[in-house]
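Q: Could you take a close look at how the helices pack here, and at the aromatic rings as well? I'd like the geometry together with the cut-offs behind each term.

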Amino acid sequence: MDRKYVLSCCSTVDLTKEHLDGRGIHYVCMHYSLDGKEYFDDLGQSMPFDVFYRKMQEGAETKTSQVNVEEFMKYFRPFLEKGLDVLHVSLSSGISGTCNSAFIARDMLLEEFPDRKLLVVDSLAASSGYGLLMELLADRCDAGASLEELYDWALANRLTIHHWFFSTDLTFYIKGGRVSKTSGFIGNLLNICPLLNVDDEGKLIPRSKIRGKRAVIRQIVERMKEHAEGGMNYSGKCYMCHSACYEDARAVADLVEAAFPNLAEPVQINDIGTTIGSHTGPGTVALFFVGDERVH
């Protein structure tokens, strides 16, 4: 696409490579390890998501690592050398230190390229909610927004992107310390599915403990009814993602499409990528839409 600046993000937007390429959005890859072997989180190109989650279910150990300052400098420099300005929107600082690395790289590169602009925004978002924010920014790019206008819009609107998650398997939340062993054991025993969201600091917060998959599927749609822009008349885009549980995601999408007849397009369902998925494990479903401003 013929733009005067680069729109950029991290691979944790959990959209497909084809989607990002089609919208002219550049991305820098996070990384993860599986049983000690290092991989790039490259939107499923090097390891298909079904293989990744199967390995997790079989007991593979996963770890993630952020993009460091040196990697960001290596990623940004070619754009600046070509005379292009950059708007980079980073994974939430409430989830990862990657955002801080991007800010440091920005400051160092602007000393080297004083005539260029390199703007960095903390998305306060993750997964396909972060992806939805990038999609809305790409729409404004295509409509002719300037770099500064886009930067201002991102800061003003990032908290309107709602993120709601539930999990039907607490194993990896326990493993990662997000749920205590006792709570997790009782939760799995009683078929408790926690409902979580991302707050105004970009952190993942447990909101409700709901018993049974059918009930939590209904409740996540109720949250969209409560918070969506325009209520039941919501006419924006709705994204979803899942970790190896497409049928559960499809069940939510069917309810959303029935409840919100004015959606801009059918619900788009993506895979939770390897960085976010390393922490959730299989069995997580997430719903994203534009709504009222998120609170603590």
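A: Let's start with how the packing numbers are defined: axes are lines fitted to C-alpha atoms, for helices over the stretch in contact, and angles run from 0 to 180 degrees between N-to-C directions. Helices themselves are DSSP runs (H or I, at least four residues), numbered from the N terminus. Keep in mind that this is a predicted model, where local features need pLDDT of at least 70, side-chain atom pairs count only at pLDDT 80 or more, and totals for chains, interfaces and linings use all residues. Residues are numbered from 1 along each chain as its sequence is written, and side-chain values use heavy atoms, with hydrogens and water left out.

With that in hand, take helix α5 (residues 127-142) and helix α6 (residues 147-157): their axes sit 10 Å apart at an angle of about 150°. That's why α5 and α6 are roughly antiparallel (over 145 degrees; under 35 is roughly parallel, 65 to 115 roughly perpendicular and the rest oblique). Their crossing is right-handed, meaning the near helix is turned clockwise from the far one by less than a right angle. On the α5 side, L133, L136, L137, R140 and C141 meet L150, W153 and A154 of α6, with contact meaning heavy atoms within 4.5 Å. Sorted by class, that contact has 7 nonpolar, no polar and 1 charged residues (Ala, Val, Leu, Ile, Met, Phe, Trp, Tyr, Cys and Pro are nonpolar, Asp, Glu, Lys and Arg charged, the others, Gly among them, polar).

Now for α3 and helix α4 (residues 98-112), which pack at about 50° with axes 9 Å apart. This angle makes α3 oblique to α4, and the crossing is right-handed. The α3 residues in the contact include F72 and F76, while α4 contributes I104 and M108, among others. By class, the α3 and α4 contact splits into 10 nonpolar, 2 polar and 2 charged residues.

On to the rings. Phe, Tyr and Trp (its six-membered ring) pair if their centres lie within 6.5 Å; planes under 30 degrees apart are stacked, over 60 edge-to-face and the rest tilted. That rule gives 8 aromatic pairs. In one of them, F52 and Y53 have ring centres 5.0 Å apart and planes at 75°, so the pair is edge-to-face. F72 and F76, by contrast, form a stacked pair, 5.5 Å centre to centre with 15° between the planes. Both lie in helix α3 (residues 69-81), 4 residues apart, about one turn of the helix. F72 is buried at 0% relative accessibility (buried is under 20%, exposed over 50%, partly exposed in between, with a 1.4 Å probe and protein chains only), and F76 is buried at 0% too. Finally, Y32, Y39, F52 and Y53 form one aromatic cluster.

Terms used: Helices (H or I, at least four residues) and strands (E, at least two) are DSSP runs, numbered from the N terminus.
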